[in-house]
Amino acid sequence: MTASRDKFGRPIVVVTGMGVVTSLGAGKTDNWAKLTAGESGIRTITRFPIEGLKTTMAGTVDFVTVDPFFCSPGLSQRLAEMAAEEALEQSGRGSKGDFPGPLFLAVPPVELEWPQRRELSHDTGKQELDYNDLLRVCGGGKYNSYHRRFTFGSVASYLAETFGTKGSPISLSTACASGATSIQLGVEAIRRGETDAALCVATDGSVNPEAVVRFSLLSALSTQNNPPQGASKPFSKNRDGFVMAEGAGALVLESYDAAIARGAPILGVLAGCGELTDSFHRTRSSPDGKPIIGCVRKTLADAGMTAEQIDHINAHGTATPENDKMEYLAISTVFGEHAGKIPVSSNKSMVGHTISAAGAVEAVFSLLTLEHQRIPPTINYETPDPTILFDVVANKARDARVTAVMSNSFGFGGQNASLILTREPI
Amino acid sequence: MTETTSATSGPAEVWITGIGLATSLGEGPDANWNALEQRRINVDEKNFAPYVVHPWAPVNLDTQIPKKGDQRQMEAWQRIGTYAAGLALDSAGVKGNKEILGRMDMIVAAGGGERDLKVDSGVLTAEAQGNSDPGLLNERLMSDLRPTLFLAQLSNLLAGNIAIVHGVSGTSRTFMGEEVAGVDAARIALARIASGQSDIALIGGSHNGERRDLLLLYEFGDYNLKDKFAPVWSRHEHSGFALGSAGAFLVIESRAHAEARGAKPYARLTNVVADMSRRKQPGDMKTTLEKLWSQLGKLDGGEAIVTGATGAEPATSEERAFLSEHPDYAVRATGTVFGHTMEAQFPLGLAVAALSISRGALFPPTDSSGVEIEMSKPPAQIVVIGASHWRGEGMALVEAIK
C-alpha cells in the first residue's frame, strides 16, 4: 500500500521505534523472550518492610539504580529514560539530544515521600511534631532539590531536556489508561499535521509503602501472596485483584510519509484510538458496560475497521473481579459471536499492572506480537471463570496469524481508552 | 467522534461560550468582576503565618454538587473544581444536555490532593519517640488512612468527579506539571476543535491554597510569599507567591457548533502557544516569551495583557523585562488579585480576559510600581501569559468577535 493517508484523509501514523522495561527485564529482546516463555516478574517486595501489609508482592523493577536518591518519581524517570533511549535508538529519528517533535508523558502523580518527611522530622529535633514544625525547617535552600524532584512536571522536564523534544512537554494522568492516552495524544498531533514525529512515553515506578496501602484499602489488590508468581490471575474464577508493578514503555511515532522518506523501519501502524468516559462511579464501571462498549466502538470507527478485522485482543485484564467481567461484557457485546474466536491475552498475568505505564507497555507487546506472529500467554489460567468465554491464550504462547490487535486500558475515574495496532496500513 | 474533516479545510474558529469562576473573591462572573473593579483582594496573613494565602470564598456547594455523598468523596481542591466546572456548564447553557455532554472533551489541569496531615504527624511523632518497629508505617497507614482518601488525592479524579456530578463524558484527560498544565489543557483542546477532531470542550483547573503540604513543597524552593501581602510587581525585597484558591473552567467550542445551538460567546480563543525554556542563563525565559509572542498571530498593539506572573524570582523579573518592551500594553497580574492558583492560573487568566472583552472594559490596575497602566478603551485583544515559577511558559490570544 502506498497511500500516505488513511481512508479519512488523515496522515497515517506509524511506529518507528519502541522501548520497554518491566519487572521481567530491560529491553524488547529480554522482555519478549520471558513473556513468550510465560515467566512472571512478580516477587515478594524487598524494597521496604512488608510487615502489616495485606499484599506483600509486586512487579518491582529492582535492577536499576536511581540517582541521586531513590524515590518514585526518580525511578519513574529512570525507567522512562531507558525505554525512550531504546525507542529512539531503534527509530533513528533526529539526533542524540535533538528529537524533532513533542513529548507526551504518562507519569504517576507525584508527592513528597516518607524518607523525605522523616528527614525533615529529624531536622526539627522534636519528639512531637506537626506540619508547622516541618515548615519551619524546610526552607533556606537546604532542600531545594526536593522542590525540583517532587513537582509534577519534573520527570517530563528532565526527559524533554535529555532527548531535546520540542515545545512544551505534556505530563498526563488518566489513571490506568495513561499509557494509551500518551499514544493517543501523539497520534492526534500527527494527524493534525502539527508535527511528523512524536515521542510517547509512559512510566511508573511507584511501588512504595503508601501506594500499596492506598490500593489495598480500596480492595483492589490481590492478596494471594504465596507464591507471588501465581497471584495475577486474569480471567480466572479465583482471581482476586491486580498486582502492582513498575515499568515503562516508549514509542516513536511518525507520519508514514516521514518514515518512508528517510527509509525508517516501520514496526506497525497506530490505526485507531478511542476513549469514552464512564460517569457512573469513581472506581466501578457502569453495570451495563455502555461506556466501555462505546470506547471499543469508537476505536473501531476511528480506525475505519469492523470487529471481524481484529484478530487479537491485548486485554486490560487486570484480574480484578470487576474489570475482567466488564471487559468480557463489552467485548462480547461489540464483537458478538466473533468474541469467542479472537485469541485474548493479558500481559498483566506476568508483568503485573504497571498502572500509568500499562497502556504503552502493552502497546509495545502488541507490536511485538504482530512482528513475531506469536501471542504471549495468560499465565496462572488454571481455573477459568465460566462466565468469561474468551479464547484465552492459556499458559503457553500461541503462534497465530495476527494482522490487527486491539489493546484496551480502563482506569479509575471512568477512564477508558483503546488502541488498534496493525502490521500494515489498513 | 471519528474525525472526518478533510485535511484541506481551514481551522475552525473557536469561541469561549462558558465561564465558571469560584475564587477567593466569590463565585460567578458578577461577583468576580465587581471585586476586580473595586480592587478588592481577599488575603489571609494569619492562619498560615508566616505564609500569605488567599482563602476560597465559601459557596453553597449543594447548588452545583447536589449529593452530599459526592461532596464527602472529594477533598477541597476537587470540590472547588467540580463546583466551578458546573458554573461553566451553566454559563454555556449545556448543563444537563446529555447529548452534548456525552461527546464533550474535558481537559483538566490538576495537581494532587491534600494529605491527611494528622496521619502524617502521628507517624512522624511515633517514630521520633523511638518506635522503630519496621512495620510501623504500614500498620499506621493501613489503620489510619480513610479508605477512599486516595480517590480524593488522585490527579485525574477531579475530572472523574466532574464526569460523575455533571455528566461530562466524551473524553477525559488530566494534565499535570504545575502552571503550564493549564496552558497545555487549553492548547490541546483548542487544537482538537480547530482541526475538527472535536466540537466542544470543558477546560480548566482548580487549586486550594490553604494547604500546609503544598506550602511545604514550595518552601523547599523558598517560593512562598511571607509575612505581608504586596502586589506581584512590588515583591523585589521579598519575592514569592501567595498561594491562591480558585476553580476556573471554560467551555470552548467551534463557532459553527455555538451558532447552531444559539450560544452566545464571551470572546474568541484565537491561539494558545507553549514552550519550555531551559532557563539555564539569565534571559533564557525572556527569549522564550518573545518567541511565543511572535507566534500568537497579528497583534494590533495598545491592547491588554493578563498575566499569571507569580512573584517568584527570577521568573517574575524576566517577565517584567519582557513586558517593559511592550509599554503600550495595559498589564494586569491575576496573581496580585487572586493569588497564585498554580494549575488553575492560566484558565483563570483566560476567564478574566474573556470577561473583560465581553464587558467592554479592562479592570483597573492593582499596582503602584508602574507596570500596570490604565486602559480607557474597550479591549479588542488580550494576551494571556502563563510563565511558571519554575518550568514552562505559555500564551494565549483572546479576541473580541467582530
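Strand E5 (residues 103-106) of chain A pairs in the parallel sense with strand E7 (residues 197-204) of chain A over four bridges, where strands are DSSP runs (E) of at least two residues and helices are runs (H or I) of at least four, numbered from the N terminus, and pairing requires at least two DSSP bridges. This is a predicted model, in which local features need pLDDT of at least 70 and side-chain atom pairs count only at pLDDT 80 or more, while totals for chains, interfaces and linings use all residues. Residues are numbered from 1 along each chain as its sequence is written, and chains are lettered from A and ligands numbered from 1 in the order in which they are written.

E5(A) also runs parallel to strand E6 (residues 170-173) of chain A, and the table sets out both pairings.

In chain B, helix H5 (residues 117-128) and helix H6 (residues 136-144) pack at an angle of about 150°, with their axes 10 Å apart (axes are lines fitted to C-alpha atoms over the stretch in contact, and angles run from 0 to 180 degrees between N-to-C directions). H5(B) and H6(B) are therefore roughly antiparallel to each other, a term for angles over 145 degrees.

Key: Angles under 35 degrees count as roughly parallel, over 145 as roughly antiparallel, 65 to 115 as roughly perpendicular and the rest as oblique. A residue is buried if 20 or more other C-beta atoms lie within 10 Å of its own, exposed if 12 or fewer, and partly exposed in between; C-beta atoms are placed from the backbone.
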